[in-house]
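Me: I would like to go through the charged pairs of a structure, one question at a time. Here it is.

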Amino acid sequence: METQFDDVPLEHDKGKGFSINDNADLLAEILSRLDGRSLGVAACVCRLWSGVCRRDTVWEALCTRHVSGGAAAARAVVAALGGYRRLYRLCMGPVLERLPPARRDEAAHLSLSLSLSLSLFSIDCYERLGGRQRSSLLFLRNTVDMNMME
Amino acid sequence: MGPYPCGSAATGWEGGRSEAPCAAPEIDGLLAGAGYRVRSSDLCHVAQRLERLESAMVGSSGNHVDFAHPASDAVHYNPSDLAAWVDSMLSELAPADPGPARHAPAPDAWEDQIYSQPQRAVAARMEEEEDSGIRLVHLLMSSADAIQRGDVALAGSLIDEMRLLLTRVNTGFGIGKVAGYFVDALTRRLFSASSAAAASGSPAEYEILYHHFYEASPYLKFAHFTANQAILEAFEGHDRVHVIDFSLMHGLQWPALIQALALRPGGPPALRLTGIGPPSPDGRDSLREIGLRLAELARSVRVRFAFRGVAANRLDDVRPWMLQVAPGEAVAVNSVMQLHRLLSDPDSPGPAPIDSVLAWIRGLRPKIITVVEQEADHNKPGFLDRFTEALFYYSTVFDSLEAGRASCSGAQQQQSTAVAEVYLQREIRDIVCCEGPDRAERHEPLMRWRARMIRAGLRPVHLGSNAFKQARMLLTLFSGEGYCVEEVDGCLTLGWHSRPLIAASAWRADDFDEDARPIPDNFIFNSISNTNESNSSINNNAAMLRRRNSNNNNSRSSDSSSQQESIHGM
């Protein structure tokens, strides 16, 4: 099969073209543009993808999309509290789910969701420090009647 | 059909509404606004008949009910007289099973045909429950009135009657549950030894109840998040900040502030936190433990942090020098549902402890004072008034908890809701059973707090749209249907179905021109500390050994037990 790249010797080509799996960083770059649910699905594809999806940078890109400023300083703080992946799983995901779908991409809502999630996340981290039962985020597991949201 | 002597059932269709020949008593105002005239006393029946009409229309779908039929050959009744209209509609619809003549007069016959037997039993039971609920409220009011008049015998018999009624009512939710708690409180008031509520459990117990109330409902989270937002905004531009928390509990308010300060553009300030709380009876220094945990969190996010604990049983035992406010730092005072404990009976003579506390707060010149209080009037001197207010307030709170319980998934959450109810029960008992200095839960509405703060020389700070949006988004995380956030003159209230239940406001005292009273922290102070480290709790016993400032007429001293002795005059 002919490849798209002229400098790849055809006789060594086993019929494969350029693969998305060739470069993990590139893969991370692509996956960081997905939404949370799709990232979860992507993590189930294969071991490579699962490993890439565990990178905090991918989840950082997801959480801080449309949010401006202070990325580097925030990274250290969030890492100390438990990392962006955990932040999304415990807080940001449930918060975003409660937003009406039309509003989920609005910058103002995302920014507010992030700051609220960070507050809740810090309380959870604090509870973990105490070694006692972590219960401050349990309310996020409740079902919420989305029909009531405007 | 039910006779409506003033009804206009017999009139033909007219363009406008026909007037009833006699003055119709108590037309329901809300429905009148929508164009329907229904008497308030008939609302229940009309609602039931509308339901039957619906089930008759929907249920007879296999019977080809011609919906145009009622309109075609029948007399058109005036639809704004809703009661008569629905009765006439019911009488015209063909029943599902063939029965007697359509226009049979007896309503019971219709009930048999339209309802099958079990449905009718359910309907009857619902009516009975509703009636029992109304009767319970009635009995509660009567017994409170009897108590106010001093008629103990009557009150006792009414309580017995209520207990009997409670066995027939569902006490798992709704009015049955709330009534149960109030009946229990009334019983305690009448038949227990004096100040029974004083034996209401240890501070450790209270902390557990508080924690479950925190988990099960949004009220405390709303309080914390709103106060934190105000504090964050007030601290902008300062790099040494000091927060004084009037009730530390588990310190759940502060991780979020520490995190927000860590992320603030320009870097975090140096944060000092002074937490006030009751002394631990068993020698553990619980305040210091909380302080250590917060310090660890702050260290992990690189915020310079120092903690100090002040152990005091009552807020008016605290003196400003214990807080060690340093010059040049921005001070924030945070009070979540603590200030109301300092109030006294409105008609008792002399200044209340609140006045002296507000005075020394003002003396600290804080950049921000965040006050969150229950939005209710439970400080009325008259028992019946207070009882009534409390009944309606706590019914609303229990309703909101119930809605939360209905949507929650885990067993732990269900348990939290149950324990949260015990937390509220404590408050109910205090309001109903205690009098005079024993009563601590003296809630007052926002308007009165505002007046009091302004009288004390504090200036209001508007809470701003960030706090409002954050509160609204926080509420969406709970069952969003009943809770509502409102902004009133720069203060935020959180309520359930448009009844505000908790109100947050912010104040400042850092920029007045007159000389403030000298802050009495220039006393030579040696702390007797429990540990050898610099962050220590100050036991109130130490305070008793100090020379005291004479700026309080009502200064009270206490030792570390819960006994109180007052020393008047200096």
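Me: Is R189(B) buried, partly exposed or exposed?
Reply: This is a predicted model, in which local features need pLDDT of at least 70, side-chain atom pairs count only at pLDDT 80 or more, and totals for chains, interfaces and linings use all residues. Residues are numbered from 1 along each chain as written, chains are lettered from A and ligands numbered from 1 in the order written, and side-chain values use heavy atoms, without hydrogens and water. Buried means under 20% relative accessible area, exposed over 50%, and partly exposed in between (1.4 Å probe, protein chains only). R189(B) has a relative accessible area of 25%, so the residue is partly exposed.

Me: Which residue meets R189(B) in a salt bridge at 3.0 Å?
Reply: A salt bridge needs a side-chain nitrogen of Lys or Arg within 4 Å of a carboxyl oxygen of Asp or Glu. For R189(B), the N to O distance is 3.0 Å, and the partner is E435(B).

Me: At what relative accessibility does E60(A) count as buried?
Reply: E60(A) forms a salt bridge with R75(A), their closest N and O atoms being 2.9 Å apart. R75(A) counts as partly exposed at 42%. E60(A) counts as buried, at a relative accessibility of 8%.
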